[in-house]
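Student: Could you take me through this structure feature by feature, giving the general idea before the particular case?

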Amino acid sequence: MKNIIVSGSSGLIGSEVVSFFHNQGYRIHGVDNNQRAFFFGPQGDTRWSQQRLVSTLINYEHHEIDIRDRQGVLDLIRTIRPSGIIHTAAQPS
């Protein structure tokens, strides 16, 4: 089974990307740290989306990593050796 990493996996676009590739047979490694809750408070919290992905998708694994953490990201890539990385993490504000 091919692995992919999706940054921003709990966000609007990221969670849709996760679902799409999961349905195509990929093992998904989602990277998200819920920064929206930091910027926007409880109304911006995306933990509900993260929990939905974890509880409904068999081949989904969440990784609590800040994409600005270079070493953390490199360690994850080295461990997983993904077929691809899809970057959907962003702060639209």
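Student: Against what do the buried residues of helix α4 pack?

Tutor: Before the answer, some ground rules: this is a predicted model, in which local features need pLDDT of at least 70 and side-chain atom pairs count only at pLDDT 80 or more, whereas totals for chains, interfaces and linings use all residues. Residues are numbered from 1 along each chain as its sequence is written, and side-chain values use heavy atoms, with hydrogens and water left out. The buried residues of α4 pack against β1, β2 and β3, where helices (H or I, at least four residues) and strands (E, at least two) are DSSP runs numbered from the N terminus. Buried means under 20% relative accessible area, exposed over 50%, and partly exposed in between, with a 1.4 Å probe and protein chains only.

Student: Which residues of α4 are buried, and how are they placed around the axis?

Tutor: An α-helix has 3.6 residues a turn, so residues three or four places apart point the same way. In α4 (residues 70–80), the buried residues are Gly72, Leu76 and Ile80. They lie on the same side of α4, because they cover an arc of only 55° around the axis, the arc being that of the directions from the helix axis to the C-beta atoms. Arg70 and Arg78, on the other side of α4, are exposed.

Student: How many residues of β1 are buried?

Tutor: In a regular strand the side chains alternate between the two faces of the sheet. In β1, 5 of its 5 residues are buried: Asn3, Ile5 and Ser7 lie on one side and Ile4 and Val6 on the other, so that both faces are covered. β1 runs parallel to β2 and is joined to it by 5 bridges, with Ile5 opposite His29. Asn3 counts as buried at 17% relative accessibility, and, leaving aside neighbours within four places in sequence, it is in contact with Arg27, His29, Ile80, Pro82, Ser83 and Gly84.

Student: At what angle do α1 and α3 pack?

Tutor: Two packed helices are described by the angle between their axes and the distance between the axes. For α1 and α3 the angle is about 5° and the axes are 11 Å apart, the axes being lines fitted to C-alpha atoms over the stretch in contact and the angles running from 0 to 180 degrees between N-to-C directions. That makes α1 roughly parallel to α3 (under 35 degrees is roughly parallel, over 145 roughly antiparallel, 65 to 115 roughly perpendicular, and the rest oblique). Ser15, Val18 and Ser19 in α1 meet Ser49, Arg52 and Leu53 in α3.

Student: Which residues of α3 are buried, and which are exposed on the other side?

Tutor: Ser49, Gln50 and Leu53 are buried in α3 (residues 47–56), and they line one face of the helix because they fall within an arc of 100° when seen down its axis. Trp48, Ser55 and Thr56 are exposed on the other side of α3, while what covers its buried residues includes α1 and β3.

Technical notes:
Contact means heavy atoms within 4.5 Å. Two strands pair if DSSP finds at least two bridges between them.
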